[in-house]
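Have it open next to you as you read.

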Amino acid sequence: MKKEQVLAKLRSCGLVAVVRAKDAGDAMRIAEACIEGGCAGIELTYTTPGVNAIIEKMAREYDGTDFVIGAGTVMDPETARMAILSGAQYVVSPYFNGDTVRLCNRYRVACMPGAMSIAEVVAGMEAGADIIKVFPGELFGPKILKSIHGPIPQAELMPTGGVSLDNVAEWIAAGAVAVGAGGSLTAGAKTGDYGKITETARQFVEKIRAARGQ
């Protein structure tokens, strides 16, 4: 799938599930529960043991569908290359690293580095990042997006951290092209309630659509 198609699916759904798990089995169950709830973006993080094999398996299973498999907590270009070779269709980082963005661009893979300041947002855009991950979102709240869009209206922003069912509509209304959700979406995994994850994903998608007037 071409990079533009991957980005279009992420923007259309507006929800990226940040999957952190204790092992491969748990990660797969969480990811599949999110997909069942209509979440198009699955971000499998490098804090999960054996994540390359999980990315490879899921990328193969969901190839050609409306669901796209990406890699998260990518700290450097070496890890980004491993993720891409495993089949990751997009790469998400907690901070801006120019070498990581350049590597992703070299292989035409969507890249979303993290940023906490205007300077980092601009640096990411100048390096060729596709979407800027505003992280950690809970430190700022939705108003930060309006502040960024004042001088930089062309920035495509995806807040992550602190995004919940209670405030996702505010983030979208403030100008988020998509949101990343972790614990607020996947909390059911702690008790083995994967059905709760599916229902929460469904509610996230519905609230995003409503906030967009769809």
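## Strands, cores and a pocket

In this predicted model, strands β1 (residues 15-19) and β2 run parallel and are joined by four bridges. Across that pairing, A17 sits opposite I42 of β2.

How many residues of β2 are buried? Five of the five in β2 (residues 41-45) are, so the strand is largely enclosed by the rest of the structure. G41, E43 and T45 point one way from β2, while I42 and L44 point the other way, and all are buried.

Now for the nonpolar packing. The largest nonpolar core has 62 residues, and those with the most contacts inside it are L15, I42, L44, M58 and V179. Helix α2 (residues 24-36) supplies the largest share of this core, with seven residues. There's also a second, separate core of 13 residues, with V6, L7, Y90 and V177 among them.

V179 is worth a click: leaving out residues up to four places away in sequence, V179 touches G14, L15, V16, M158, P159, V163, V168, W171, I172 and I208.

On to the open space. The largest pocket has a volume of about 340 Å³. Of its 22 lining residues, V18, R20, G182, G183 and T186 lie nearest the centre. Elements giving two or more residues to that lining are α2, β9 (179-181) and α9 (183-186), and α9 gives the most, with three residues. Here's the lining of the largest pocket by class:

| Class | Lining residues |
|---|---|
| Nonpolar | seven residues |
| Polar | eight residues |

Conventions. Residues are numbered from 1 along each chain as its sequence is written. This is a predicted model: local features need pLDDT of at least 70, side-chain atom pairs count only at pLDDT 80 or more; totals for chains, interfaces and linings use all residues. Side-chain values use heavy atoms; hydrogens and water are left out. A nonpolar core is a set of buried Ala, Val, Leu, Ile, Met, Phe, Trp, Tyr and Cys residues joined through side-chain atoms within 4.5 Å. Buried means under 20% relative accessible area, exposed over 50%, partly exposed in between (1.4 Å probe, protein chains only). Contact means heavy atoms within 4.5 Å. On a 1 Å grid over the protein atoms alone, a cavity is a set of points where a 1.4 Å probe fits but cannot get out, and a pocket is an open set with protein on both sides within 12 Å along at least five of seven lines; lining residues have an atom within 4 Å of a point. Grid points are joined across faces, edges and corners, and a volume is the space filled by probe spheres set on the points. Ala, Val, Leu, Ile, Met, Phe, Trp, Tyr, Cys and Pro count as nonpolar, Asp, Glu, Lys and Arg as charged, and the others, Gly among them, as polar. Two strands pair if DSSP finds at least two bridges between them.
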